[in-house]
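Take a look at the chain below. We will walk through it one part at a time.

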Amino acid sequence: MCDYLVRGLAAQGKVRAVAVRLNNTVREYQHRHGAFPTATAALGRLMVSAAVMSSTLKNGDKVTLQIVGNGPFGRLVADANWLGDLRGYVTNPHVRIPPRVDGKLDVAAGVGKTGMLYVIRDMGLKEPYYGSSSLISGEIAEDVAYYFAVSEQVPSVFAAGVLVARNGIPSNAGGYLLQLMPGADEEVITFLERRVSQVPSITAMLDSGLSPEDILYELVDDLDFQLVGERKSLRFQCRCSKERLAGILLSMGEQELEELIRQGQAEVTCHFCAERYHFSREELEELLANAKGEE
Ligand code: ZN
């Protein structure tokens, strides 16, 4: 079962709906970073948020979400591009967080209950669009819904969930977004609020085998729901390369490079995908020569 998103419209275009399944992508994140369960759930929810936001991207566009909270995870980053490539990281993914009293993973305890959510939409213009809002719970889905409401002024219902199995591997991940377009009347809002409280949680729906399409029909079929466009496939995919990482080495400055050359080699790890790039003494000397040549 591949990861993908679907979108559609309901209530004569007054409600925009998006649903995603992200099982493999979140599994790949967990595997690459060896993340502990609570960090996996937290970053998975943020990746679901990025995936949902990617539904409106045009060619060349990219969206990045960052959470900087006061919890032990440090920074959480997830980004998605117009092709459906997703990636992300947590600064400290190897922190043990005790479960909540109800037995669920305590995402808010890792993220922190105060902090900021930043959204950067890079749409190929000179300046990217920056938006931000305060965290209201640290549970991520509520924080993202709050961001839509206050920063983008679009009333939204957003759910994101990740189920992590006992062995630490995520067994499912996904979410849905319902947004009210201008002119949506009170009745539609009341209907959505009631409907969302009636349906099972997002992880329960995915666990029972519902597809993203099924989930949208479950939510808004009564509002004359119609799918729009085709499925968009999603995957974990980083855009790093040895050349890009060499650029980071160069930006450290000549003194740092000389120090690495004295050590005989260097290994640079990509934050996003944990891929390691090895640079030999000869490669480092070449970088240094290029740096000096450009002065
Ligand atoms: Zn990478």
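At what angle do helix H8 and helix H10 pack, and how far apart are their axes? Keep in mind that this is a predicted model. Two packed helices are described by the angle between their axes and by the distance between those axes. Here H8 covers residues 242–251 and H10 covers residues 281–293. They pack at an angle of about 65°, and their axes lie 11 Å apart. The crossing of H8 and H10 is right-handed.

Now look at the residues that meet. H8 brings Lys242, Ala246, Leu249 and Leu250. H10 answers with Glu283, Leu284, Leu287 and Ala291. Sorted by class, this contact has 6 nonpolar and 2 charged residues, with no polar ones.

Next, find the strands E6 and E7. E6 spans residues 115–122, and E7 spans residues 129–134. The two run antiparallel, joined by 6 bridges. Arg121 stands opposite Tyr129 in E7. The hairpin has 6 residues between its strands. In this hairpin, Gly124 takes a positive phi near 75°.

Finally, turn to the empty space. A probe the size of a water molecule, rolled over the atoms, shows where such space is left. The largest pocket holds about 700 Å³. It is lined by 26 residues, and the closest to its centre are Arg45, Lys104, Ala160, Gly161 and Thr203. Which element gives the most to the lining of the largest pocket? Strand E8 does, with 7 residues. Helices H2, H4, H5 and H6 each supply at least two residues as well. By class, the lining of this pocket has 16 nonpolar, 5 polar and 5 charged residues.

Terms used. Residues are numbered from 1 along each chain as its sequence is written. This is a predicted model: local features need pLDDT of at least 70, side-chain atom pairs count only at pLDDT 80 or more; totals for chains, interfaces and linings use all residues. Side-chain values use heavy atoms; hydrogens and water are left out. On a 1 Å grid over the protein atoms alone, a cavity is a set of points where a 1.4 Å probe fits but cannot get out, and a pocket is an open set with protein on both sides within 12 Å along at least five of seven lines; lining residues have an atom within 4 Å of a point. Grid points are joined across faces, edges and corners, and a volume is the space filled by probe spheres set on the points. Helices (H or I, at least four residues) and strands (E, at least two) are DSSP runs, numbered from the N terminus. Ala, Val, Leu, Ile, Met, Phe, Trp, Tyr, Cys and Pro count as nonpolar, Asp, Glu, Lys and Arg as charged, and the others, Gly among them, as polar. Axes are lines fitted to C-alpha atoms, for helices over the stretch in contact, and angles run from 0 to 180 degrees between N-to-C directions. A crossing is left-handed if the near helix is turned anticlockwise from the far one by less than a right angle, and right-handed if clockwise. Contact means heavy atoms within 4.5 Å. Two strands pair if DSSP finds at least two bridges between them.
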